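The tour goes stop by stop.

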Amino acid sequence: MASSAPDSLTAARVVKHLFVMLAASVVLGVVASGLALPFAGLAGMSATSVADSVKELPADLETEALPQRSRILDADGTTIATLYDQNRVNVSLTQVAPVMRQAIVSIEDYRFYEHGALDVRGTARAFLINQANSGVVQGGSSITQQMVKLTLVQQAGDDEQARAEATAETFSRKLQELRYAIAIENTYSKDWILERYLNLAYFGNGAYGIQSAAKTYFNTNAGSLTLQQSALLAGLVQNPVGLDPTINPERALQRRNVVIERMAQLNVLQREDADYAKASELGLQISPPSNGCTSSVAAFYCDYVLRYLLADPALGETEDARRSLLYEGGLTIRTPLRLDYQASADEAVSDAVNPTDNAIGGVAMVEPGTGFVRAIAQSRPMGRDLEAGQTYLNYTVPERLGDANGFQAGSTFKVFVLAAAIEQGVPLSWGVNSSDDMTFQEETFRNCDGEPYGYGEWTVGNSTTSGYKTMVTGTRESVNTFFAQLEQRTGLCAPFALAQSMGVELDNPTGNEQAGRSAERVPSFTLGVADVSPVEMAEAYATFGARGNHCDALPVNLIADAGGNILKEYTPTCEQVMTPETADAVSSILSGVIDGGFASAQNLGIDAAGKTGTTQSARSVWFVGYTPEIATSAMIAGANELGTPISLTGQRIGDRNFYNVSASGFVAPVWGDAMRGIRDTLEGRDFEPTDPTSLREAVGPTDLQGSVSLGGGGSGNRDRGNNNNRDRDASFTPTAPATPDAPSTPDAPSTPTSPTAPMPSTPAWAGTGAGNGGPGAGAPGGGPGGGDGGPAEN
């Protein structure tokens, strides 16, 4: 706030103030250095001319809001981190214990409530007492003058010249200080001045203001300070470094007792109370403040919040302005973080991956229907000690918010092709022969402009099962060649765009958008060749849990200023990106992965669905699963100490040696452990059942965007750096549990032209045909009912 003082300063008042300043200079010992010489010139000036000279000095002092520390809170209101450049929490004068107010006034300016900007009698008395004690025992400047000086220093910030001018022991600075002090006294009440002074003062050990000092030294509030505590803090203002009680307890005790004695002399205390207080010990209860995210119980969640807010233009035009607001604005930042979820995620990750392993474990939990990020955890703690496995890279969040490039997510991307196909009207009963190895022509994969992706070849291999696969069995068994053929039918654009709309930050579709990085909208997209983070994948799968309603990942609920006024409320940003019936169908299919499928060991006893993902050369394994209430992604990625991706094969991670790496065997248990830790907090709501009639009505007739019809057959594509994509999602053996809709015979059709291949055993809603009507002739290799004909689902 700005202050303005009247210009009617009488000559007598000015001269009086100037002579008091001369006395103050003596007290400060500046006469010896010649700084009082300018006063000699006053003898030849009239009082009026002196007054006119003073009135020419600026009178308005901008008393800006004081920097205060901000707090980040979890969903229950528990502080998880504090942020500050100066550890300060402003309090009103009524929130300061009366004995603390008495102590500071007694030792710094005992006639504060009786004099104006300067105190002639107090200054003279201080001079005599200090001379008698051969040192500074009492201050010569009034509290108002000190407040002015502290304000000028504070508002100088990092400007070294301005700070030097604010502290220079010169006549001009003293004269300007006088002018400001008079203006302040004429504008504000004494209580206002004392309140600001107590909030401005530095008490040492990083404590700015009386509230932070009370917390730092005694772990109490300013309103609860005792006599002994108040006297110690009042004494520190004179020399907070030299009198630091944590380093010089004897000097601090002596100074405290000087304050107590002064209070007794002024009859603020009874003599017996003063003697008793002086005989007591310091009674420190040091509570060092934490600053930033490193010491937070949720360090990388805190980091996520900070980066998220620093990127929000609503908080300031520049990042520097936003940072100043966050570290100086005294904000209360409320987040949706749940510490019970955080603890479960932390434990699941740390049990599986050690900080110094050549791997990174990560977990993210996102709430369907809101996007609230409930927890993120990673195996490498925050810090700079590389030998201890520490890092400042946040591997769980999108690259723009954490600096880590992310890791390929493998077959977890197949759900985007699956959902796009269902949205285009491909019935769940559609099936196609999916041989162990297949070569595809790139020209059969259409891009967004309808043109062929390329003209090379792409060879794809399976690592789980092969043979005739439907939308159900092909997904549950994660059959690569099935999804390559399904992607021929959907085209590349629809699955890619759907993934983007579900929160996956794909920003290099052709490879031209980011030089030196691989293209993402490629035929091998379905095998998860794009780099992503756990938060992105949890956010995407949460869309299925919310029946196709996608909500942006949200780590902040609201920000309030120091006065409790809401600056900005962060409400969920959601959009229906697919029909609810499509999402329900995906959930029905993916539930089979947990209920009797590859991840059956992670069954929670409630409705849950999920998908495994293992990348080329086993560089990372993923499991992303969800219920209607929470979506959780779990990842273990091979990485050296700098975070450079390496293969997991042959590594010892946690207490296990990684050979024959599979998602179901290595990372699905991390997901299961994290989810079991929060199981009791979930209502256990069911997925909506899939109704084939409703699904058909919702998605309409088949509207394929690719170059291949619903019949069988395949052509090629290229992968990113390897011609043979063989994604290993599970440690599959012939005796692995069969899904309910697995083929009824172990041998699927050996060629894609067999029209009499045995039908798989499918749920009733999966139907037996695949088309819009007519007998199921289909294209060669389509299998039973595999063409555009055949009965509709029923």
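What follows is a list of selections, with a note on what each one shows.

**Ground rules.** This is a predicted model, in which local features need pLDDT of at least 70, side-chain atom pairs count only at pLDDT 80 or more, and totals for chains, interfaces and linings use all residues. Residues are numbered from 1 along each chain as its sequence is written, and side-chain values use heavy atoms, with hydrogens and water left out. Helices (H or I, at least four residues) and strands (E, at least two) are DSSP runs, numbered from the N terminus.

**Stop 1: H10 and H11.** Select 227-236 for helix H10 and 249-265 for helix H11. Their axes are 8 Å apart, at an angle of about 110°. Axes here are lines fitted to C-alpha atoms, for helices over the stretch in contact, and angles run from 0 to 180 degrees between N-to-C directions. H10 is therefore roughly perpendicular to H11. Angles of 65 to 115 degrees get that label; under 35 is roughly parallel, over 145 roughly antiparallel, and the rest oblique. Now show the side chains in contact (heavy atoms within 4.5 Å). H10 brings Leu 227, Gln 228, Ala 231, Leu 232, Ala 234 and Gly 235. H11 answers with Ala 252, Arg 255, Arg 256, Val 259, Ile 260 and Met 263. Nonpolar covers Ala, Val, Leu, Ile, Met, Phe, Trp, Tyr, Cys and Pro; charged covers Asp, Glu, Lys and Arg; the others, Gly among them, are polar.

**Stop 2: H3 against H10.** From H3, the contact takes in Val 99, Met 100, Ala 103, Ile 104, Ile 107 and Glu 108. From H10, pick Leu 227, Ser 230, Ala 231, Leu 233 and Ala 234. Here the residues divide into 9 nonpolar, 1 polar and 1 charged.

**Stop 3: H25.** Jump to helix H25, residues 692-699. Which of its residues are buried? They are Pro 692, Leu 695, Arg 696 and Val 699. Buried means under 20% relative accessible area, exposed over 50%, and partly exposed in between (1.4 Å probe, protein chains only). Look down the axis of H25: these residues fall within an arc of 95°, so they line one face of the helix. The arc is that of the directions from the helix axis to the C-beta atoms. The buried residues pack against helix H17 (414-423) and helix H22 (580-594). Just after H25, Gly 700 takes a positive phi of about 80°.

**Stop 4: two positive phi values.** Most residues other than glycine have a negative phi. Select Asn 267, in the loop between H11 and helix H12 (271-278). Its phi is positive, about 65°. Asn 267 is exposed, at 67% relative accessible area. Then select Ser 478, in the loop between helix H18 (471-476) and helix H19 (480-490). Phi of Ser 478 is positive too, near 50°. Is Ser 478 buried or exposed? Ser 478 is buried, at 1%.

**Stop 5: Val 397.** Find Val 397 in the loop between strand E7 (373-378) and helix H16 (399-402). Val 397 is buried, at 2% relative accessibility. Not counting residues up to four places away in sequence, Val 397 touches Tyr 304, Ile 376, Gly 402, Ser 533 and Val 535.
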